[in-house]
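Here is a brief report on one protein model. It covers the overall fold, then the aromatic pairs.

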Amino acid sequence: TGHGVDIGNGKCPNEAPALVAVNKKTGKVVWSYTVPAASIMRGQWSSPTAAMVGGRLQVLLAGGDGYLYGLSGEKGEVLWKFDCNAKKATPYKPGGSGQKCFIVGVPVVADGKALIAVGQEPDDGQGEGHLWCIDITKTPTNKDKDLSPVDDDFDPKSPKNKDSGLVWHYGGKSEKGAARDYNYGRTITTVAVHDGLVYTSELAGFLHAIDFKTGKKAWEYDLQDSTWCSPYVVDGKVFVGTDGGDIYVLPAGRKEPMAKKIEIGQQIKVPPVVANGVLYVNSGTYLYAIKP
């Protein structure tokens, strides 16, 4: 619904629904789900995802409170939830000083797994981010229906996490001596999954290719610019736009890529789309149709 906080005081004015399900023939509301207003950091900006899981429709809602929720398609009841922030993370603060993040990108479902990443307002700057792979076929064993990792232990093989939905986690602090303090930064984008790899971009301008099964990095590419743009995979290529007005084209796959660049000259905030052999690029001011 886009429900969120009052910019003046940082609080939600009411407990409005975060998501509504509407009968497509009559327009009547079938059910609604409300994320507690007090826990929303900025807004409810992610689009929902619907997926059939074990013969049952699930609707995935990425919350403005940093949780991913699995709701029943019939009644909107919570089937499970997953905290996409570390429990020890400091509270979100406008300006980027807090560690807790919300979710803007759309959940992607593949092979019974959900992939979702967290971020903050682009103007809040760079910071540590997290990308999660979650088993959404799992039934919670606790009364809170919580599939989150336990005690900030992000190892899926840990005995603590035997009842969690954690498949893998990507992100966190870098090893000593690395060029950056963290492996993966904040993002407002949606991942792309293709041929056993997960492609994801971060606000700071890095594109990552990650093994879908293990969560291990195949490669990382520096776009030399910041980006809001989600990666898009088609015809064996990965496309991603930058704030500097370029579209990068990289070969899909596990090999370290060599990129080509299409200079558009205007910020590319949304991913391009291919139809009938034509690449369509929306710059926010112009729509370009590019045919090789």
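A residue counts as buried when its relative accessible area is under 20%. In this predicted model, Y33 is buried, and Y69 is buried too.

**Overall build**

The protein has 21 strands and zero helices. Its radius of gyration is 19 Å, close to the 19 Å that the globule rule gives for 292 residues, so the protein is as compact as a globular protein of that length. The C-alpha atoms fill a box of roughly 55 × 50 × 45 Å along the principal axes. Of the 292 residues, 50% count as buried. The accessible surface is about 14,400 Å², and carbon and sulfur atoms hold 51% of that. Among contacts with a separation of 6 or more, 45% join residues 24 or more positions apart.

Charge comes next. There are 33 positive and 32 negative side chains. The centres of the two sets lie 4 Å apart.

**Aromatic pairs**

The structure holds 10 aromatic pairs. Two of them are listed here.

| Pair | Centre distance | Plane angle | Type |
|---|---|---|---|
| Y33 and Y69 | 5.4 Å | 55 degrees | tilted |
| W132 and F154 | 5.0 Å | 85 degrees | edge-to-face |

The Y33 and Y69 pair links distant parts of the chain, 36 residues apart. Y33 sits in strand β2 (residues 29-33), Y69 in strand β5 (residues 67-72). Y33, Y67 and Y69 form one aromatic cluster.

W132 lies in strand β9 (residues 130-135), while F154 lies in the loop between β9 and β10 (166-171), so their pair ties together parts 22 residues apart in sequence. Are these two residues buried or partly exposed? W132 counts as buried, at 0% relative accessibility. F154 counts as partly exposed, at 22%.

Key: Residues are numbered from 1 along each chain as its sequence is written. This is a predicted model: local features need pLDDT of at least 70, side-chain atom pairs count only at pLDDT 80 or more; totals for chains, interfaces and linings use all residues. Side-chain values use heavy atoms; hydrogens and water are left out. Helices (H or I, at least four residues) and strands (E, at least two) are DSSP runs, numbered from the N terminus. The radius of gyration is taken over C-alpha atoms; the globule rule is 2.2 Å times the number of residues to the power 0.38. Buried means under 20% relative accessible area, exposed over 50%, partly exposed in between (1.4 Å probe, protein chains only). Contact means heavy atoms within 4.5 Å. Accessible areas come from the Shrake-Rupley method with a 1.4 Å probe; for residues, only the protein chains shown count as cover. Lys and Arg count as positive and Asp and Glu as negative; His and the chain ends are not counted. The place of a charge is taken as NZ of Lys, CZ of Arg, CG of Asp or CD of Glu. Rings of Phe, Tyr and Trp (its six-membered ring) pair if their centres lie within 6.5 Å; planes under 30 degrees apart count as stacked, over 60 as edge-to-face and the rest as tilted.
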